[in-house]
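Dear colleague,

Please find below the structure that I am handing over to you. A short account of the findings follows it.

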Amino acid sequence: MEVWEKSETIDPEVKAYVFSLVSAVGGSSSYDDTYQVGDDAYAALQDILRWLRLYDEKLNRYDVKACLASANLVQNDLLEILALWPEEAQSSPLKAKLALACLQLLVPLTWPTELEDDKTTVNHHRHLPHLQLAQVSYKRAVLHYEHAQILRTAVRIGLPSMVQPRRERSKRDEGIMKLVLYLFRNISLITQPQLLPSQGDENEISRSSTISAFATQDVFTLLLTIGSGAGDEFQDQDTILLEILFHLLKGVDANKLFMEEKQMHSEETNELQSLMRREKAMHKGYNRHAPSRHNRFGSMLWVQRADAKLSTVSGQTSIVDGDATLLQMDQHKRWDKPKFRGKQTSTPAEQADFGEKIELDERARKHLRTFVEDFLDSSFNPLFSSLRKAIEREAERVGETHKRQYFYLIHWFLRAENARHAHRSTTAAATNDTPQENTFAYVAAVLDQETFVLLNRHMQRSFDEKSWIDLQATLLAFTQILATVKLMAESKDEDDQEIAENIQNRIFYEEATHDRIVQILRGYTNQGFAYLDAVTECVHVFVRMLEGYSKVNADLHVRSKRRARRKKNAAANGGGGDGGPPEDEAEEEREMFQVVSERKFDFARFSAKFLSQACVDTFLALLHFHADLTPEQLKRCHRYLYRLAFKHELAILLFRVDILLLLHRLIKGPGGLSPESEGFKEWEHLVQQVFRRCVKWVEKPSGEGTAWREMSVVEMLFSKVPNTVFFLQNGYERVVEKRAPRAPAELDFKREVESQMRVPVVVSLLLEQGKGDVLGWLKKEIERAVEERGAWEDEREARGEGESVAPSIFLSPDTNERKTQLFRDKHLRLLLTTIGMQRLGLAEDVDASWIIPSEVTSEQLKEALEAIKQTEHDPPAFEEGKTAADMLRNKSAARRTEANTYNSADEDGPGSGSDGELEFPPNLPQSRIEGAEERPTKRRRLTKRNHVELTEAEADERAAERRRKEKERNSRIKSKLYVSALDDESDAEADAEFFRLEEERRTKTAGEIGKALMKQREGGDSGKAKKGRKKGGKKRKNDVGSGEDEDEVMRSSSPVKKRAAVFEEGSDVSDVEMAEADEERPLDERPEETPSTSPMQDDGLPLTEVSVNIQGSSDAMAKGAMPSDDDDEDDVPVRKAVARRSVRAGLIIDSDSE
C-alpha cells in the first residue's frame, strides 16, 4: 500500500463477500417494480448469519454489521421478504421459512450496542455512531412500513411455537419464541442518540409511536398472554418480558395515565401556568439589575478589600448598591477544581436513568392505559411471582439489570394501581355509584413477606457495594409499597385494613430496616438529582408512616440486632488437642454473631437518628434545586427542617453561613421562590424563625464578655460536631453521671470438689485463660506475707505472748490494671477468697483493698503457695472430660439449690423439735431417683410480654411466704430415706411388747380423761357440754379431716388450753388433737419403746380411741374398736397434699403420704 493511499476501515475482501451475499438475497424486478426473492435467498440469509457469528462476534468487531447497514439489507430485503408472507398464506412452508430467517437476522442487527471497558477496541469506536444511526432507521422502517405490519408478522412467526404445551415444546420452539420477544425488546429499546444528528422526524421513533404500533399490531396481546402464563407455560420468557415492560413504561407518569381528557388538559394548563410564573419571577429578578440606556456606556471602579488588595468591578449598579458589588465580585470568582486522579466511576447508561420524563400523546396514552389495566388484572401476580422466585434461586437467565428493572416496575405498577384506585373512587363519588370491587388483590404478589425479605437484602447489598442505581430502584419500590399500604389502611374494607396492619407490623418490626434508612440518608454524596429525590422521598414517607403507626400502636415492639463477640470456648477440647487446624479456630474466634433482642419502640429515640449534620446536608442538597422542585418536593424539605428546628430544638445545625445564605436567597432572592407559588408563606415563616433564633443565639448573654459572640461567629463557618452541640446550645457542658461499676458475679465450688482441690481448680482455670502474670504477682505477695507473718509469729513466741492478734497484711497491686483486675476478675477473687483473704469495703467500691486477716497463719499461706506452684507444673486432671470451669458455679445458683434442699430452721416451727430442727430431712429430689430421666419433661410456661415488675417490698414478702410454706412442708415430711424393706418384717416378741405398752397407754389415758370430765361437770358446765356434744357430733367428721389451717391453730396453742377448750364446748376430742397435745411433753417423759415411725411420743399414757366420749368409747369397745360409718374416710390413709393424722383400729398413726 502506498504511503498516500487512504486506509480502509473494513477489509475489502470481507466487504466484497458480504455485498455479494446481500445481492443474492433478492431485489426489485425490472418488469413491475416488485420485490423478487432470489433463487438462493434462504442460503444467502444463512451465510450472512454465519458471517455475523463467525466474524463479528468471534473477532469482537463491527465490520459485517457496518457492511449490512451500508447495503440497506433491512429496508431493501428483510422487510420486503416479511411483507411477502400475508396472513392468507399462513400455511406456506417456504415463506414461513424465509420469514424465520429474516427474523434471525433482524434480532442481531437491532441488538443494543454497548461498550465494555475491558473489551472495547478502536474498531468499536469507529463503527459505533454509524451503527446507532442505522438502528434508528431500522426501528423507523419496522414501525412505519407501508405494505405490511412487520410486528404482526413477527407475532405470527411465534404463534405456532406458543400454542404447543410446555412439555411438548422442542428447543427450536423455545428459540423462536425468544427471537420474537427479543425483537420487541430491541424495538422498544432503540432511541435517538443524544449526541448524534437526527436523520428524520424523531416523533416517528418516539415512545408514543412504539406504544401505538404495539397496540395496533397485537404485540400487547402477545405480552399479556405470556405474562398471564409466566411460571407455568412460559417459565423462561419472564425476564425478556420484564425488559420489554421496563423500556415501554420507564419515565411515563402513571398518575397522568388514568386521567380523563379534561383532567389531562387541566393538568397541562396548570403546568404551563407554573412555568410561566417561574419565568416571570426570573425576569423580575433580572430586571432589578438589568442595564438601561442610561448606563449602557458602563463604568468601572476599584474595591479595596481587607487585605489592602484592589478588585476591579464594572457596572454602575456597583456604585449605588454595596450588596450588588459584593455579589458581582462573587459571580466573577472562578475555582479551578483539581482533577480527580483516582478511579473514575462509570457513568450510568441512558437506558438506566430512572429520572427521565416521557410525555405521551392522547392516542398512545389510551392504548397504554388499556394495556396496563389488563396487565394488572391478569398478568401482574403470575409474572412478578415467577420473577421473584427466579431471583431468589439465582437462575442463569437473571442478571443484575433484571433485578434493577424488577424493583423499578414494582414501583411503577403499584403507583399505577394507586392511581387507578383513586380514579375509580372519584368516579364513583361523582356519579353516586357504589365503588367497584377492591383491586389490591391484583398486586398481592409484591406485598408478601418473601418480597420484603428480597427487597431488604437487595437494598443492603446495593448500599454496601455502592451500587447507587440499584439502590435507587429498591428505594422507589419500597416507597411505593409504603404508599400502597397506607392507602389500604385508609380503605373502608376491614380485610384491607387488617392486611395493612399486618404488613406495617412486619415492616416496622425490624430495627435493621430503621437503621438502613438512616444510613442511606447519611450516605448521600453526589449521586445525582434522581437518586437524591428517591432517598428523601423514601425517608419522608417512612418516618411519617412510622410516626402514625407508633401513635396508634402504643405497645409497638421492634427486634433489635446487636453485634457481640463470640464467647471463646478455649477449654472445650482440653487444650485444643483434637479441635481442628489452628486456622479454623482463629477464624471461629474472629467470627461475629448477632444477638437478637426485642424491645419497646421509642419514636423519639428513632427520630433523633435523623438529626445529624449529614442528614441535614442531604435535604439541603435537594433544596439547592428549589427552582426545579415540585410543591411536593419543597414540602418534603420544609417538613424536615421544621421538625429539626422546632420539634427537636436543633436549629443550631442550621446556623452555618452557606445554609443561612441559601435560606435567605430562597425568600429574598435572587433566584428564590416566587411569592405566588404554593407554600411560599410557610417557607417565609420558617426562615424568619430560623434567623430570629440565630440572632438570639449569637447575642446570648454570657459572663465572658464578647467571647461567646466571637465563638459563635467562628462556629457559623463550620458544621456542628455532635460532641459540641449541647455546649453550643446551652453554654455549658453536659453533666453525665457515671454509672457505678458493677461487681462481678460471685463464684462457688460445686459440692463434689474437695477442700484440698479448690486452689488447684482455680489456678488451672486462670492458666487456661492465659493469666500467668496474675499468678506470678500473687505468689510474690504470698511470699511477702509468709515472711511478715512468720516473723511476727517468731517474735510472739519469743516474747511469750499467747493471745495477741496478728496485724492484717494488705495486698499491694503493682499496676492500675492489676487493681482493676482485682475488682472485675471473678476467678481471681475466688482464688483469693479460697486462700483465706478478705475484701474491705462495699461490693461496688473499685478501690477496695484485699487483706490477709489475722486468722490466717503462715503455715496456711505456705500450703496455698505450694498448691499454686504445684498446679503450675502439674495441672489436675478431671474425670469424664470435664474442665476446671465445670467445677464452679454461681453463688446465686448455689443459694437456690440450698433453698430447695434440706435446711435447718433457726426458729421452732410446726412439727419441729425443741431445738428448732426438722424431725426428718426432705426426700431426695426427683432428678436423683432412678428412672427420672425417662419421664417426660415439663413444659416451661411462657411469661407474658407485658409483665409487671414487683417492688422490693412485694418481692421480699413473697420470698418470706415461700420460705414459710417450704418450712411447713418440710415439717410434715416423713423422709423415705428412713423407710426400707426391713420395716415390713414382723417379730412376734416385739409385737407382743408393743401391744402391751399400747394397752397400758389406752387405760391410763381413759382414766385421765374421765377424771377431767368429772371435774368439769362438778363446775356446773354440764348444759354447755350437752349443747356442745350435739354440735360436736355434726362437726366430728370435719375435725378428723381438718386441713392445714386448723392444724396451725391447734399447734399454736398449749396442751392445757386446747383440752380445756374442747371440754368446755363438749365436742369430741379427736385423736389428732390429743396426739398434738401430747407432743408438747418433754422428751425424757416419752417412752423409748415408741417406734420411730410414730410422731407421738407421750409420757407413757395409753393411746385413746377415736372418741373419748363415754358412750362412744363403750360402743367402740363393744364393736372391737372398729370405727363408725362416719369415719370411713379414715380407714385407709389417703395420699393428699394436706398433712393429717390417720385413724385405724383405734390407734393413732401418721400417714406416710408425705
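Is Phe508 buried or exposed? The model is a predicted one, and in it Phe508 counts as buried because its relative accessibility is 0%.

Aromatic pairs

Across the whole structure, a search finds 32 aromatic pairs. One of them is stacked: Phe220 and Phe371 lie 4.2 Å apart, centre to centre, with 15° between the planes. This pair links distant parts of the chain, as Phe220 belongs to helix H10 (residues 219-228) and Phe371 to helix H16 (residues 362-378), 151 residues apart. Phe220 counts as buried at 6% relative accessibility, and Phe371 is buried with a relative accessible area of 4%.

Phe508 and Phe542 form an edge-to-face pair, with 5.5 Å between centres and 75° between the planes. Phe508 lies in helix H21 (residues 494-509) and Phe542 in helix H23 (residues 529-552), so the pair ties together parts that are 34 residues apart in sequence. Phe542 also counts as buried, at 0% relative accessibility.

Charges over rings

The charged end of Lys97 is placed over the ring of Tyr42, 4.4 Å from its centre. Arg156 lies over the face of Trp85, at 4.4 Å from the ring centre.

Sheet and surface

Three strands form an open sheet in the order E8-E10-E9, with antiparallel pairing. Its edge strands are E8 (809-810) and E9 (838-839). Within the sheet, Phe810 stands opposite Ile851 in E10.

Val714 lies in helix H30 (residues 707-715) and counts as partly exposed, at 46% relative accessibility.

With kind regards

Terms used:
Residues numbered from 1 in each chain as written. Predicted model: local features only at pLDDT ≥ 70, side-chain atom pairs only at ≥ 80, totals over all residues. Heavy atoms only, no water. Helix = DSSP H or I, 4+ residues; strand = E, 2+ residues; numbered from the N terminus. Buried < 20%, exposed > 50% of the residue type's maximum accessible area, 1.4 Å probe, protein only. Pairing = 2+ DSSP bridges. Phe/Tyr/Trp six-rings, centres within 6.5 Å; stacked < 30°, edge-to-face > 60°. Lys NZ or Arg CZ within 6 Å of the ring centre and 35° of its normal.
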